[in-house]
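Here are my notes on the model you sent over. I went from the overall fold to the interface and then to the charged pairs.

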2 protein chains.
Amino acid sequence: MLEKIRELIHFKKFLKLEFSPSVLYTLKWLILATLIGLLIGSASAFFLIGLKWATDYREDHLYLIALLPLGGLLIGWVYHRFGESVVKGNNQLLDEFYRPLNPIPLRMAPLVLFGTIATHLFGGSAGREGTAVQMGGAIADQFTKWFRLKRHDRKTVITLGVAAGFASVFGTPLAGAIFALEWLIVGRVRYEAILPAFLGAYVADYACEGIWAVHHTPYHIPIIPELSLENVFWIIPAGIGFGLAGRLFAKATHFWAAIFNHQVKYPPLRPFIGGILVALLVYLVGTTKYIGLGVPTIVEAFSSDLPWYDFLAKIGFTSLTLGAGFKGGEVTPLFYTGATLGNMMSGFIPLPMALLAGMGFVGVFSGATNTPLSCTLMGIELFGAESGVYMGLACVVAYLFSGHSGIYGSQVIGSPKH
Amino acid sequence: MLEKIRELIHFKKFLKLEFSPSVLYTLKWLILATLIGLLIGSASAFFLIGLKWATDYREDHLYLIALLPLGGLLIGWVYHRFGESVVKGNNQLLDEFYRPLNPIPLRMAPLVLFGTIATHLFGGSAGREGTAVQMGGAIADQFTKWFRLKRHDRKTVITLGVAAGFASVFGTPLAGAIFALEWLIVGRVRYEAILPAFLGAYVADYACEGIWAVHHTPYHIPIIPELSLENVFWIIPAGIGFGLAGRLFAKATHFWAAIFNHQVKYPPLRPFIGGILVALLVYLVGTTKYIGLGVPTIVEAFSSDLPWYDFLAKIGFTSLTLGAGFKGGEVTPLFYTGATLGNMMSGFIPLPMALLAGMGFVGVFSGATNTPLSCTLMGIELFGAESGVYMGLACVVAYLFSGHSGIYGSQVIGSPKH
């Protein structure tokens, strides 16, 4: 009895075995997260400024789109010549995480930065999270060397880098932290890296927005209906649609990558040919709304009726661009796909257009990347807590219906979806 | 090549092997979640109305506190006579989840409802989430029998019940869903039950608030400072404090339970003696602010300076009440502990009082129950998305510093905290 009480309040043992190690652990990761977060947040700020410049410059000089094949050739050649060790991008981070072999070369960061800016300058359709995540992973992994981190810590440092990159490029620190914890293994949150991921995400977001004053596009959902049984039922078909769109997006990207990799043996030629196709398509459809990030159309999807086929067009343009070897990422095009699909759904699902656009925004992303919790938090960070129940269920249903293979071929399945 | 493309777009196979099973799964759980959610949400509404009546009646008839020992004897005797199969409460749900042996008896629901109302009527210091979770688990598990669910589905149905109970009693559906997924195994989110948990939480929350018009206390944080490096650093010591308070709370509850179980052999006498001690303490300190749910003091903690020792007093009163065998739960007292501790910290941590109270509200809960993600979402649902970064890091740090054993002795560790 007394023994048990003594054990319960055993203060010295607690200090030595629990408290002190936790304090040391916290201090260590606070220092690492501050250093890494400041670096990655600054890299994201620089990247976002460059991206804005490239987008504006292209919109003012539309002839640049005719040069997309040459831009592609340049990107392809640079990666062929200098980037063979980093060409697998996000999947490389995943592979290295599961089966650590080699440190991630620092050159991954400048190469993907250059490739993405060039992709956007010449009018490819792509995103930016790949760039952020790869810059984050590459910068963070250098600290493995510098601080001689152990294998276990290396996994944490990569997680921290991914969280910092994602958080700062979208201005959503909570979503960034959970994305890094959730992304690396489908159906599992890596609790053991939870503190470093949160710290890295916060510091990087602060560095980008607070220090460099680089702001993010605001989105607005004016009316969020009360939760009712009927509304719960309507979220489900919407979520199924978002999940299938995410699946289609992933399949289309893999499809074009397979075509190009098989048919074009010399890698630099792949984005060259892809560039010809994309430039021709832009010429044929007569609009630039499907290339680049597409942020103006995403914003529009929250307030005006858009053509029903916008989401399909964006999937086509992006999968062709990325499958051919251009750089960037999938996430902003996934936002575009989802927001326009939600916009279209407002024609027959009795929920407000802006709400459906927002649900699609995060829902398609959830389906394609298998990260429902992160996407729920992103919805809350972007659209406010009141939308949380709509965002949450849309992301969960989309996650269920997108199948087990998302846009990242190297993702490992930690638990089945049901 | 062609083979690969065909495989990628193999539509029939997709329909048969992926889409149809997902649709059936969704329909099945939609029906179950609607039925179970409506029942549990209604039970929560009934419980909350009863709790309000008991609290108001006690405040108007303070002599009832002198009858606390008799109330304790009554609760103890009823549980001894009729409730031996359900006396382990939340831990029983956990045990049954890990090692399914017997269906959870439906009587768990009325017994814990009666026990909690009686505890509050006579002035015990306790919460309500235990009641909600146990009513939820017991009601949900009846469907295992009625629908002849398999073992795998039974785990999901218990998860759904816990989500529904938690969501409806606090009015926080996202936090309820994630709590159920996170609570059952420390350091793991049960993705395989994610859709049922969300659906159950939503429907139950809607039933309680939408159908029965039972509303929840609103809390308000008027000023949320911009994120800065300095603020990130200040969240950490606050989070450590919340984690240690959560740990102390858990240890104190186990401590009193151990004392009573060893010293008092006849179970009904335990709450009788505990009732004498609590009633005497109330008489000695001359205030009723430490008994019951303590919602008025929680609200006050967001705006006025409170005595520094409030959080310790609440830990003492609650651990004594619950350790002696009164019923209810720990969560609202954990909110109380955290909000008053945050209030006290505002004396030396340069963050707004209301923000620190809110961070403590969810942070101490996170530490004591090992559910950082659920608590982050609860913070967002209660205090708005802008507070998210403060809530998130406070919950994560508190989780790290509370040790591996929380208030639930039967929780299984899924992954280490770092």
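**Notes on the fold, the interface and the salt bridges**

1. In chain A, take the contacts between residues at least 6 apart in sequence: 79% of them join residues at least 24 apart. Keep in mind that this is a predicted model.

2. On secondary structure, chain A has 17 helices and 2 strands. Its C-alpha atoms fill a box of roughly 85 × 55 × 40 Å along the principal axes. The radius of gyration of chain A is 22 Å, which agrees with the value near 22 Å that a compact globule of 418 residues would have. Of those 418 residues, 65% count as buried.

3. How many salt bridges and polar pairs join chain A and chain B? The salt bridges number 2, and 8 residue pairs are in polar contact, counting pairs with both residues at pLDDT 80 or more.

4. Over all chains, the salt bridge count comes to 21.

5. Within chain A, have a look at A:Glu96 and A:Arg154, whose side chains form a salt bridge at 3.3 Å, N to O. A:Glu96 sits in helix 4 (residues 90–98) and A:Arg154 in helix 7 (residues 151–170), so the pair ties together parts that are 58 residues apart in sequence. Buried or exposed? A:Glu96 is buried, at 10% relative accessible area, and A:Arg154 is buried too, also at 10%.

6. A:Arg58 and A:Glu59 form another salt bridge, at 3.3 Å from N to O. Here A:Arg58 is buried, with a relative accessible area of 2%, whereas A:Glu59 is partly exposed at 37%.

7. In chain B, the side chains of B:Arg190 and B:Glu192 meet in a salt bridge at 4.0 Å, N to O. B:Arg190 counts as buried at 4% relative accessibility, and B:Glu192 is buried at 11%.

8. Finally, A:Lys88, A:Asp95 and A:Arg99 are linked in a network of salt bridges.

Note on methods. Residues numbered from 1 in each chain as written. Chains lettered and ligands numbered in written order. Predicted model: local features only at pLDDT ≥ 70, side-chain atom pairs only at ≥ 80, totals over all residues. Heavy atoms only, no water. Polar contact = N/O pair within 3.5 Å; in protein donor to acceptor, adjacent residues only side chain to side chain. Helix = DSSP H or I, 4+ residues; strand = E, 2+ residues; numbered from the N terminus. Rg over C-alpha atoms; globule rule 2.2 N^0.38 Å. Buried < 20%, exposed > 50% of the residue type's maximum accessible area, 1.4 Å probe, protein only. Contact = heavy atoms within 4.5 Å.
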